Structure formats: structure tokens, C-alpha cells
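Open the model in your viewer and keep the selection panel handy. This tour goes stop by stop.

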Amino acid sequence: MSSAINVWVKSPDTYSERRLDLHITVGQLKVKLEPITGIPVGNQAISLFNSENDTQVIARLEDETKPLGFYGLRDWQVLKVDDTNPSVSFTGQLTDVTQVDKFELSESAYAERSDSVLAYKQRHQVGRFAPKQKQDEAPTPSTVDIPLGARCEVESFEAGLSKRGTVRFVGEAKFNKGIWVGIEYDEPMGKNDGSVQGERYFSCKQNYGVFVRPEKVKVGDFPVEDLLDEEEM
């Protein structure tokens with residue numbers, strides 16, 4: 001059984017995940033926490049909670065000679081480190097923005113600056129400064145080169161996962177603006193059966209259908225994948 005656990009360490013200025021050995025003493029823990037929390041060893045008061053939102057203290061780690069295991073620490077509990085003398089270490093003051101003088105600039109003065117984001121957008125015609133026709137341009141079914149019946153692969157955020165299927169619909173839909181591509185997956189990795197909000201765009205088995213934006217679809221020679229391992233029967 002491993003003697004190391006993962007816990008959350010919380011202080012007035014920090015919040016982080018740490019891996020601790022249950023065999024180290026409270027005193028050794030305080031030495032490790034000083035550079036993390038900025039609180040001197042002698043000023044640390046450590047309390048144990050079951051979770052971040054829990055207000056009930058499970059234990060107070062006051063005996064510096066006891067190992068952490070003595071207090072029954074478990075994975076993902078919270079060690080709250082308070083500063084008993086914050087006037088010395090300035091604990092909490094680093095995150096108190098009320099003590100920082102604010103730099104204020106009027107709208108007219110900001111508009112006159114040549115090194116601002118506003119000036120950059122104006123020079124390069126970005127955002128609301130873009131020509132009207134560029135703002136209104138949007139893909140149409142005639143500009144999307146994705147033929148019906150084509151085999152395709154849909155972009156996935158999961159490494160090694162291929163979502164292959166057949167294009168069943170290309171065009172505008174009532175559920176949202178713009179052009180959508182309706183795909184019938186080879187496997188039940190979709191979200192519908194070709195219909196959304198009572199409107200049918202194509203037909204397939206439940207959870208085999210999906211609608212995605214054209215830029216997420218790659219058309220090509222994507223045969224149905226054989227999920228059976230050739231070396232297993």
C-alpha cells in the first residue's frame with residue numbers, strides 16, 4: 001500500500017495540489033510549505049478538512065513531532081494553512097487589490113493613443129472596424145465542398161479516437177444559424193437520429209446522428225473501421 005497521498009493545500013495567497021508522504025512529520029511538512037505558501041514555519045497553523053467547501057475541522061496538526069499518518073489524512077482532503085502573524089509575512093496582502101493604485105485613462109485620451117488595442121484594430125480593420133461585406137460573409141451550401149453520401153472523418157478532441165461516418169445533410173438548420181453538416185456515424189457516438197428539436201434532416205439509428213460545422217469535417221477515403229483484432233477470435 002502506498003504511503004503517499006494527494007491533497008489540496010490552501011493558504012490566503014495560494015491553492016495547489018500536493019503529493020505528500022504520510023511518514024513525514026508535521027514539522028517537516030511546515031518546512032515544505034513555507035516556500036509554497038510564503039508563511040514562516042513558526043507562524044503556520046494547519047487544519048484538516050474533508051473538502052474545500054467543508055467548514056468542519058477534522059483535525060488540527062499541532063504536534064510537530066507526529067507523522068501525517070497519525071492524523072488519518074486521505075486523498076483529496078484539504079490542508080488549510082493559516083498565518084498566525086500576517087503582519088510579519090504580509091500574507092493576504094499580495095492578493096488585496098484594494099491597496100493598489102489604479103491607473104485610469106479617459107476614453108478620449110485612450111482614443112488618441114497610437115499604441116493601444118483600439119488603434120491596432122483600426123489600422124488592420126479588425127472586429128467592428130472590418131469592412132461591412134467581410135463581417136457579413138458566411139459560408140453557404142454552395143461554398144461548402146462536402147457532397148452528400150461522402151465518407152468522412154470528424155475532428156475529435158480525444159487522442160486516437162476516429163469518428164467516421166457518411167455525410168447525410170449539408171445546409172442551414174432551424175436549431176441554430178449557419179451551415180451544418182449532418183453525419184451518420186459508423187458507431188453510436190452521435191447525439192440523435194438525424195432530427196433535432198422535432199425537425200428531421202435525415203434518418204438513422206438513435207445516437208448514430210450528429211450535426212457539426214463544416215470546418216470539423218474531413219472528406220476522403222475513410223472506410224468503416226474493423227473493431228475486431230485480427231489476432232483475437
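How many residues does the hairpin use to join S1 to S2? Four. This is a predicted model, where local features need pLDDT of at least 70, side-chain atom pairs count only at pLDDT 80 or more, and totals for chains, interfaces and linings use all residues. Residues are numbered from 1 along each chain as its sequence is written, and side-chain values use heavy atoms, leaving out hydrogens and water.

**Strands.** Select residues 4–10 (S1) and 15–21 (S2). They pair antiparallel over seven bridges. (Strands are DSSP runs of E, at least two residues; helices are runs of H or I, at least four; both are numbered from the N terminus. Pairing takes at least two DSSP bridges.) Now pick Trp-8. Its bridge partner in S2 is Glu-17. In S5, Trp-8 stands opposite Val-78. S1 and S5 (residues 78–83) run parallel, with three bridges.

**Core.** Next, select Leu-29, Ile-46, Leu-61, Leu-68, Leu-73 and Leu-79. These have the most contacts inside the largest nonpolar core, which has 19 residues. (Such a core joins buried Ala, Val, Leu, Ile, Met, Phe, Trp, Tyr and Cys through side-chain atoms within 4.5 Å; buried means under 20% relative accessible area, exposed over 50%, partly exposed in between, with a 1.4 Å probe and protein chains only.) S1, H1 (26–37), S3 (44–49) and S5 each supply at least two residues of this core. A second, separate core has 14 residues, including Ile-146 and Tyr-185.

**Loop.** Finish at Phe-103, in the loop between H2 (86–89) and H3 (107–112). Why does Phe-103 count as exposed? Because its relative accessibility is 71%.
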